[in-house]
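This report goes through the fold of two chains.

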Amino acid sequence: MTVLTSRRRTGRPARLAPWEERPSPAAQLGKGTLVTLIVVAVLGPLYTIVLTSLSSSATVNRVGGLVLVPDGITFEAYRQIFSDTVVSRAVLVSTGVTVAGTLISTGVSVLGAYSLSRPGSFLHRPLLFSVLLMFVFFPGIIPVYLMVSGLGLKDSYWSLILPTAVSAFNVVVLRSFFMNIPGEILDSARIDGAGEFRILWRIVLPMSRAVTAVVAMFYAVGYWNAWFNAMLYIDDTRKWPLALILRQYVVDSNPLPSATAGVTGDAPPTLAIKMAIVVIAVVPALIIYPLVQRHFTKGVIVGAIKG
Amino acid sequence: MPTTTTRRGFLGLVGASVLVAGCAEKKATSKGTAVAADKLKSLVPTRIPFEIPGLKPDLPGSEFVAPGFLTRPATMVQAVTAKPLTSGKEVTAMTPLWGTVPPGLGDNSYYDAVNERLGGTVRFNISDGNTYGQKVSTLLASGDVPEMMQIPGWEIITIARFTEAANKLFADLSPYLAGDKAKEFPLLANYDTAAWQYGVFGGVLQGIPWQNEPFPFATFVRQDILEELGLEQPRSGDDLVPLGKAITDAKKKRWAFGGGMEQEMQRAFGAPREWRKKSDGTLEYKYETAEFAASVEFMVKLFEAGYVHPDIVANKDADNKGIFGSGQMIIYRDGPGAWHEALGRFLPDNPKFDMQAVDPYPAKPGGKTIMWRNEPAGMFCFIKKGLGEARTRELLALANWCSGPFGTQEYELVNNGVEGKHYDVEDGKVKQTALGRKEIAPTYMFLSGRPPANSMSQYDGLVQAQHDWQTKAAAVLDNDPFVGIRVETPSKMAGLATPTEDKMNEVFRGKRPLSEWPKIVKEWQDQGGNEAREFYMKVARENGRL
């Protein structure tokens with residue numbers, strides 16, 4: 001209060017709250033420097049990765065690692081990657097699994113969260129308890145493996161989707177958001193004769209675009225980056241997603257076991273190819289994030305503070 | 001809200017989970033097993049060397065020196081005339097892969113060519129070598145194993161109750177291979193006996209061994225850069241300090257040493273690879289020896305002087321090969337396979353690139369030089385239990401076919417594919433085609449092993465240099481008190497290596513004082529080292545080694 005009073009005395013516009021006032025030049029410089037440093041910290045590695053992916057093997061060997069200063073640009077690494085069906089097929093697999101998985105996961109999570117947000121729904125408490133239980137208990141790799149194997153899902157794309165289809169965290173975030181929708185709106189819809197599915201589809205979902213978009217993005221990024229399930233359940237390399245191929249190329253041979261010495265005559269993939277695959281794996285996230293960003297803050301904050 | 005879970009209820013739930021986790025069965029680990037030398041003989045094949053008609057090495061081999069071939073043989077001999085797969089049933093196999101992923105069955109002409117020659121199809125389940133252990137443990141725990149499964153030894157020691165699982169899931173091979181029975185599979189009988197003995201788990205012959213090279217590593221130098229600077233290779237550990245000073249020039253982005261030198265120094269100072277018999281009849285582990293402590297002190301000097309490449313100082317696991325190839329680092333330690341790999345990677349862009357292995361050297365001029373003896377086998381191929389005698393024999397025949405040594409058509413097909421398609425021969429040198437680079441991955445070779453051959457004649461001078469180095473190293477091979485006994489390392493002891501050596505690396509980097517080394521050794525002893533000593537001493541006593 002004191003501060004406000006003193007500021008009013010300086011003749012600054014009274015309608016501005018303290019945090020809206022223009023900071024001093026020193027503070028501006030400090031903030032600018034900090035933001036610049038953060039941008040450099042984020043863009044620096046990205047720049048190095050892209051530049052290395054566009055460098056020749058001679059340049060990479062000369063500098064002995066990641067390239068910081070350009071010395072000729074070549075698309076050889078990308079040409080090699082896309083001339084090989086392994087990576088292009090993996091891009092398709094990842095895209096398919098991500099799209100299908102995101103639709104399934106978001107759909108199931110929305111349905112589950114909506115039912116759990118309606119007090120008095122069928123088996124409400126036991127179901128809610130089960131969802132919360134998923135927070136604290138991980139079933140373990142072997143039971144899940146046996147279940148996937150028992151259901152005949154090994155070597156099937158479903159094994160990349162179903163074991164991780166529902167995240168308890170996302171269900172709770174959605175449920176918190178749905179519970180915040182005024183009950184009067186839903187009651188009036190019921191009076192007008194709408195059933196639960198119509199209420200969900202026509203009223204709840206349109207009011208929850210932000211949180212649904214965020215949850216969908218969480219799922220999409222999760223599916224795009226997932227490699228462990230594929231490593232475990234997919235034996236056929238033609239069905240491997242990009243994340244697993246990326247791991248195979250990038251986290252290779254370090255250390256290459258001496259047991260294979262003298263037999264594997266070929267050199268490991270060049271750093272340029274590794275970095276090109278990293279670029280290919282990162283691009284979709286770079287495209288999706290800006291599109292969802294405007295929903296992101298709102299969706300996460302609302303989900304986090306309500307309920 | 002009466003229908004929601006209360007905060008108290010939620011906390012109770014968390015508490016219950018902690019309680020359940022606490023009550024969970026303690027993770028069981030391998031306590032180690034050992035099989036006496038006498039019993040081992042009755043379990044494994046009698047060695048019958050496989051002579052390839054018309055193939056005589058240019059440089060003769062011996063027990064610890066691989067035969068050298070200065071030129072590629074004009075013709076390769078067919079070692080197995082009959083097709084090994086006769087049942088028409090597809091073989092399922094799981095193998096690790098480090099590197100690029102080949103196209104799958106149906107899109108891979110290399111697979112087609114080998115399968116055609118085998119008389120049946122092998123369907124590989126290739127899995128990332130870096131996460132292979134996780135997949136192997138899951139499959140072993142679930143009991144869902146393929147017909148043939150390659151498991152590296154360094155994963156085996158990390159898998160809880162591996163021997164128990166192996167005995168339950170994998171076939172006993174002695175009924176097919178013990179003694180003279182192995183004559184039916186002459187290429188398997190061609191393996192070194194010590195390697196076969198390593199395939200014994202819990203007293204049962206189960207693993208078809210991948211025979212290791214006898215020496216674990218060497219000190220490598222950039223000979224071209226040493227000559228450019230007018231310097232010579234080190235002849236003792238003492239030479240490393242002046243070499244470090246002469247080579248290191250941070251302004252020119254050049255440092256003397258890379259990673260792994262500590263192991264070379266442990267060897268140079270005379271520490272054992274693992275256990276050593278003391279004069280009082282007990283055993284001491286390498287960490288406990290004065291030689292090891294001296295090597296730690298020496299390494300601290302190299303680090304303090306700034307002679308170690310900053311990438312390695314920042315991260316002990318940083319990539320050595322890249323900075324070695326670029327000339328930023330001149331001397332480092334690596335496995336024998338790194339030699340030809342580096343030549344293949346760097347020579348095309350830098351024809352002056354000259355990598356040489358330094359002859360085994362002592363810590364002090366005139367001191368005693370030793371070379372550590374590698375474990376006889378590093379990886380094992382297992383065959384599923386309960387497949388029936390006919391199928392097991394068929395799979396052994398497949399492993400036998402895949403064991404073709406250098407000089408056989410089988411070796412060529414497994415390693416290089418089809419001539420004219422996956423590789424060409426120019427001036428007696430194998431050159432992989434683009435298709436070969438894309439399609440050929442280590443797969444069939446992991447269904448067995450084979451005696452090493454020094455055959456990379458495509459790199460000028462490499463075969464002779466390797467032969468010379470191996471001959472010198474073999475002459476100073478250190479005695480191991482457990483040679484000829486199959487000892488499976490207790491998991492607890494294997495698990496102590498990384499934390500102990502992490503602490504050692506902190507000493508090198510000045511994060512811990514050198515004076516802490518005895519304390520680190522004491523921690524190792526208290527946390528399981530002493531327990532392991534008791535186990536090893538019992539094994540040694542039972543075999544008359546103490």
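Is strand E14 (residues 377-383) of chain B largely enclosed by the rest of the structure or left open, and why? In this predicted model, 7 of the 7 residues of that strand are buried, so the rest of the structure largely encloses E14 of chain B.

**The sheet around E14**

E14 of chain B belongs to an open sheet of 5 strands in the order E3-E2-E4-E14-E7, and the pairing in this sheet is mixed. Strand E3 (122-128) and E7 of chain B take the edges; each has a single partner strand, so one side of each is left without a neighbour in the sheet. On average, and with direction ignored, neighbouring strands of this sheet are turned by 25° against each other.

On one side, strand E4 (residues 148-152) of chain B runs antiparallel to E14 and is joined to E14 by 5 bridges. Within this pair, B:Ile151 has B:Phe380 as its bridge partner, and B:Met148 is opposite B:Ile383. Strand E7 (residues 207-211) of chain B also pairs with E14 in the antiparallel sense, over 5 bridges. There, B:Ile208 stands opposite B:Cys381.

**Strand E12 and its partners**

Another covered strand in chain B is E12 (residues 329-334), where 6 of the 6 residues are buried. Strand E8 (residues 218-222) of chain B pairs with E12 in the antiparallel sense through 4 bridges, and B:Val221 of chain B has B:Ile331 as its bridge partner in E12. Strand E9 (residues 255-257) of chain B pairs with E12 in the parallel sense, over 2 bridges. The bridge partner of B:Trp255 in E12 is B:Met329.

| Strand of chain B | Partner in chain B | Sense | Bridges |
|---|---|---|---|
| E4 (residues 148-152) | E14 | antiparallel | 5 bridges |
| E7 (residues 207-211) | E14 | antiparallel | 5 bridges |
| E8 (residues 218-222) | E12 | antiparallel | 4 bridges |
| E9 (residues 255-257) | E12 | parallel | 2 bridges |

**Helix H11**

Helix H11 (residues 261-269) of chain B is largely enclosed by the rest of the structure, because 8 of its 9 residues are buried. The buried residues are B:Met261, B:Glu262, B:Glu264, B:Met265, B:Gln266, B:Arg267, B:Ala268 and B:Phe269. What do the buried residues of H11 of chain B pack against? Their partners are the strands E8, E9 and E12, together with helix H10 (237-247), helix H12 (290-304) and helix H20 (491-508) of chain B. After H11 of chain B comes B:Gly270, with a positive phi near 100°.

**Chain A**

Chain A holds 15 helices and 0 strands. Of its 307 residues, 34% are buried. Among contacts in chain A with a separation of 6 or more, 74% are between residues 24 or more positions apart.

An unreviewed UniProt entry places the feature "transmembrane region" at residues 32-54, 90-114, 126-148, 160-178, 199-221 and 271-292 of chain A. Residues 126-148 of chain A are 83% helix and 0% strand, with end C-alpha atoms 25 Å apart. For residues 199-221 of chain A, the end C-alpha atoms lie 29 Å apart, and the span is 96% helix and 0% strand.

Technical notes
Residues numbered from 1 in each chain as written. Chains lettered and ligands numbered in written order. Predicted model: local features only at pLDDT ≥ 70, side-chain atom pairs only at ≥ 80, totals over all residues. UniProt positions renumbered as here; feature names shortened; annotations may be inferred. Buried ≥ 20, exposed ≤ 12 C-beta atoms within 10 Å, placed from the backbone. Pairing = 2+ DSSP bridges. Contact = placed C-beta atoms within 7 Å. Axes fitted to C-alpha atoms, helices over the stretch in contact; angles between N-to-C directions.
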